[in-house]
Amino acid sequence: MEISVEDVKKISTSELMEKLSTSSNGLSSDEALKLLKIYGSNEIEESEQNHLKKLFSYFWGPIPWMIEFALILSLLIQHWPEFTVILVLLLINGLIGFWQEDRADNAIELLKEKLAYNAKLLRDGKWTKIPSKNVVPGDVARIHLGDIVPADIKLTEGDYVTVDESSLTGESLPVDKKVGDICYSGSIIQKGQMSGIVFATGMNTFFGRAAGLVSKVSTKSHLQKAVITIGDYLILLDVIMVALIFIAGLIRQENFFDILGFALVLTIASIPVAQPAVLSVTLTVGAMALAKKKAIVSKLSAIEEMAGMDVLFSDKTGTLTKNEISIAQIESCNGFTDEEVIFFAGLASLRLEQDPLDKAILDEMENTETLSKKFENYKMLKFNPFDPIRKSTESEIQYKDECKFKVSKGAPQVILTLINNEILKSKVERNVNHFADKGYRSLGVARTDKEGIWEFMGLIALYDPPKKSSKKTIADAKSMGIDFKMVTGDHIAIAKQIAKELDLSTNIKLPITFLDQPKWKAVKTVEDASGFAEVFPEHKYKIVEILQGAGKIVGMTGDGVNDAPALKKADAGIALSKATDAAKSAADIVLTKPGLSVIINAIKESYKIFHRMKSYSIYRVAETIRILIFVAMVILIFNFYPVTAIMLVFIALLDDIPVMTIAYDKTEKINSPQKWDMYQVLGMATFLGILGVISSLLLFYVGKVILNLDAGVLQSLIFLKLVVAGHLTMFVTRNTGHFWSTRPSGIFFWSVISTDIFATLLVIFGVFLTPIGWQLALLVWVYSLVAFLIEDQLKIYFARVLENNEFKNLNIRLLKNILTRK
């Protein structure tokens, strides 16, 4: 039965349990299964577009309209060959686009399933982790620090929780909740631990009902901006060339519909119809490759951001270090013994869901037989768990029937605030600094006496050694041109000691060095530092913000609920393998295996993915220039159409097939951040395109003047040259070095060669085209291969010209003037 939030607020816990037919012991597995069938999965329903409707969407839009207009025009003027091939082009583009998007959606859904969150439920009388989608009304759930609340819950047990409801209510400040209050699905637990009864799931939750009101700010990624820039450049070229052809045709009194049909088809052949599908496939294939390397991508554009990352901030604990805390030393005081310090620290630890620190203390205590037996006489009445802001835990303990007292453990500076003894504080601080110099982290322990006055018991020195692989992976990151920095909440002396062991610079800074400083000073401090110590989560956010303001692409690792803002702010937010649900939901990339080496592997893979997208973009722009400018020049100069409309459609069709396999191509070894440098992309593409225009003009001259070929044969000759030479350009753009420096993948190589062979057979046997015979076809192949070798060599020289600063600055200003969007 459905119960409103207002009703739940008014009724008691027992009345709610009665309405939901449950108890404080939760549900059995059988009961939960029955309820799941009644209420459905605990998920927010997403409006899934009908497959047929999605398919038809590929025939609706500016580019499909252009193709369809050309199709209708061919029908009206009864150009049946053009009509047939344009129809095939329209269907193939639509079907390929639909198939690729559907494939991409399925791949991403599979990846998302690996990120599915769990809820802690009381099922069959015991606490069990169960996928959140299987939560049902009547379940008893436990929520604690770092959890995303899985459903609407009425709190029934525990002291308090502090909840971030900003994504639901827009309120930026967290809210404290206690017994009787309601926690809404989708909110994030920032402090505390409580239990409660689930009364609403899925679309019946407050979040489900308000889903339409909850929106995320969508900003254009660097990839989207690059695609827009490339599109602007090509459209500008197309408009200029088509306008010139149109004007020339009208002056020469050619048939208006013939000119219009040719102009439309030329536009279709020049504008990158398949570009969205190619980039989508490349990113999707890349996401699957990253998943194999234990990095799951929740947002495809994050691959591109990671490829361009300048700076990577890494947590120390658990990422650079083993997160296997051991007790190195105990320094007791005030007459307490070392064993008592450990014992009372154990009383301030939670046996259930132990974190590494609690585990180290409890293991040490249980290894001592007398302490283990002694523990049985103490009962925990209340427990306030650790949170990153307070940096301590506190327990209220009942000793037999004799007395109650409190015990706390945490950061020494926090525990010392409970004690009013300046001499003791000075002594403790000296010991803390002494431990820190050895790379030990200090834990303070205190308890209350019979009068409730706090007594400082002593310090526990903890050591978390660096992982063996950390030093190498940091060196790898540096060799890749990534500025690697360490962040930790530990004492600055510990951070410096660990940095020294990892061969990092010991230029570790405190937050005070960049907070509330002038922008230039804050940027310089953050850029120069090798790491930061004694940071709170909000400091991480500030660090990311400072560097982004300086134009850097920033990566940030995190695992806690309070890391979520920094992970969301970073260009590449990376949640560690044991991160909280809140951190995972905020991150762009989630690791499924511990350690820094996973991040390095993921970055290297992202370089390859980015390189494929960039090489395709260079090829696509170059190919457009080759066709547009060459065709326009021949029409204007020679008053001759070098290719027919049907040939242009065939070129567009044959281009689409091999470019779809670029996602599976091998790439050269890349070891530095990759970014969209439109000066380099458009500069190289324009150069290669102009080389293609010159090459095509020379062959046209040979065919028309020297060989004196008739019009039909000459057009077929040029058609074959545009296809073969254009496809060979793919082998030029796929490497920054010579074409032989990296072997292509089999699927890419044979897709290019097979389409070229198909085009050759078309012109030899005259299918839809004028036949040219074997000899002329061989001439085209030899000519194209020679042009390809020359083009590959000139590419190397021109790349050096592009790197010339004076030439570069002049052309960047020119490009900005042309492409600036008003």
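**View 1. The crossing of helices α27 and α30 is right-handed.** In this predicted model, helix α27 (residues 678-706) packs against helix α30 (residues 773-803) at an angle of about 150 degrees, and their axes lie 10 Å apart. On the α27 side the contact is made by residues including Tyr679, Met684, Phe687, Leu688 and Leu691, while α30 contributes, among others, Tyr783, Ala787, Leu794, Phe798 and Leu802. Sorted by class, the contact of α27 with α30 comprises 14 nonpolar, three polar and three charged residues.

**View 2. An open sheet of eight strands shows mixed pairing.** The strands follow the order β8-β21-β20-β19-β9-β16-β18-β17, with β8 (295-297) and β17 (508-509) as the edge strands, each of which pairs on one side only. Helix α21 (residues 519-528) packs on this sheet and touches β9 (311-315), β16, β17 and β18, and its direction makes about 95 degrees with that of β16. Strand β16 (residues 483-487) pairs with strand β18 (residues 531-532) in the parallel sense over two bridges, and Val487 has Phe532 of β18 as its bridge partner.

**View 3. Strand β9 is covered on both faces.** Because five of the five residues of β9 are buried, the strand is largely enclosed by the rest of the structure. Val311, Phe313 and Asp315 are buried on one side, and Leu312 and Ser314 are buried on the other. Strand β9 pairs with strand β19 (residues 554-558) in the parallel sense over three bridges, with Phe313 standing opposite Met556 in β19. Five bridges join β9 to β16, and these two strands also run parallel; here Ser314 stands opposite Met486 in β16.

View 4. Most residues other than glycine have a negative phi.

Conventions
Residues numbered from 1 in each chain as written. Predicted model: local features only at pLDDT ≥ 70, side-chain atom pairs only at ≥ 80, totals over all residues. Heavy atoms only, no water. Pairing = 2+ DSSP bridges. Helix = DSSP H or I, 4+ residues; strand = E, 2+ residues; numbered from the N terminus. Contact = heavy atoms within 4.5 Å. Axes fitted to C-alpha atoms, helices over the stretch in contact; angles between N-to-C directions. Left-handed = near helix turned anticlockwise from the far one by under 90°. Nonpolar A, V, L, I, M, F, W, Y, C, P; charged D, E, K, R; others polar. Buried < 20%, exposed > 50% of the residue type's maximum accessible area, 1.4 Å probe, protein only.
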